[in-house]
Amino acid sequence: VQLQASGGGLVQAGGSLRLSCVASGITLSFATMAWYRQAPGKQRELVASITSGASTDYADSVKGRFTISRNHAKNTLYLQMNSLKPEDTAVYYCNARPDIRVYWGQGTLVTVSS
């Protein structure tokens, strides 16, 4: 199983980015998928998740600004991030839980300047 995350970069506060996570070895539609982030000196935290039934959940800090979605045909998970804030700066990781197993992508860095 491989999860390849991309789409991070440097953006000004108020801007937008879309993260992508291409999966191989698993079928996203059968797994609970999530985005986590880890800021310098902080613990990794859950940002957003989507179940196999398409139920979504978001951290309070990103509700109304971030949207998690997936493309079944491309077997790809997305995180649309709008109205970015400096406190969103972190390494973002995609996560897959097809069953009791857990898989992590390599992370993509998002830096939001003020």
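This briefing walks through a sheet and some salt bridges. The model is predicted. In it, 4 strands form an open, antiparallel sheet in the order S1-S3-S8-S7. At the edges lie S1 (2-6) and S7, each pairing on one side only. On average, neighbouring strands of this sheet are turned by 15° against each other, direction ignored.

**How the strands pair**
- S1 and S3 (residues 17-24) run antiparallel and are joined by 5 bridges.
- Within that pairing, Gln 4 has Val 22 in S3 as its bridge partner.
- S7 and S8 (residues 76-81) also pair in the antiparallel sense, over 6 bridges.
- Here Ile 68 finds its bridge partner in Leu 79 of S8.
- The hairpin of S7 and S8 has 4 residues between the strands, and Asn 75 takes a positive phi near 50° there.

**Salt bridges**
- The count comes to 5 salt bridges.
- A network of them links Arg 37, Glu 45, Arg 65 and Asp 88.
- Glu 45 and Arg 37 meet at 2.7 Å, N to O; Arg 37 is buried at 6% relative accessibility, while Glu 45 is partly exposed at 35%.
- Lys 63 forms a salt bridge with Asp 60, with the closest N and O atoms 3.2 Å apart, and Asp 60 is exposed at 65% relative accessibility.
- Asp 99 and Arg 101 meet at 2.6 Å, N to O; Asp 99 is partly exposed at 40%, and Arg 101 is partly exposed at 43%.

Conventions. Residues are numbered from 1 along each chain as its sequence is written. This is a predicted model: local features need pLDDT of at least 70, side-chain atom pairs count only at pLDDT 80 or more; totals for chains, interfaces and linings use all residues. Side-chain values use heavy atoms; hydrogens and water are left out. Two strands pair if DSSP finds at least two bridges between them. Helices (H or I, at least four residues) and strands (E, at least two) are DSSP runs, numbered from the N terminus. Axes are lines fitted to C-alpha atoms, for helices over the stretch in contact, and angles run from 0 to 180 degrees between N-to-C directions. A salt bridge is a side-chain nitrogen of Lys or Arg within 4 Å of a carboxyl oxygen of Asp or Glu. Buried means under 20% relative accessible area, exposed over 50%, partly exposed in between (1.4 Å probe, protein chains only).
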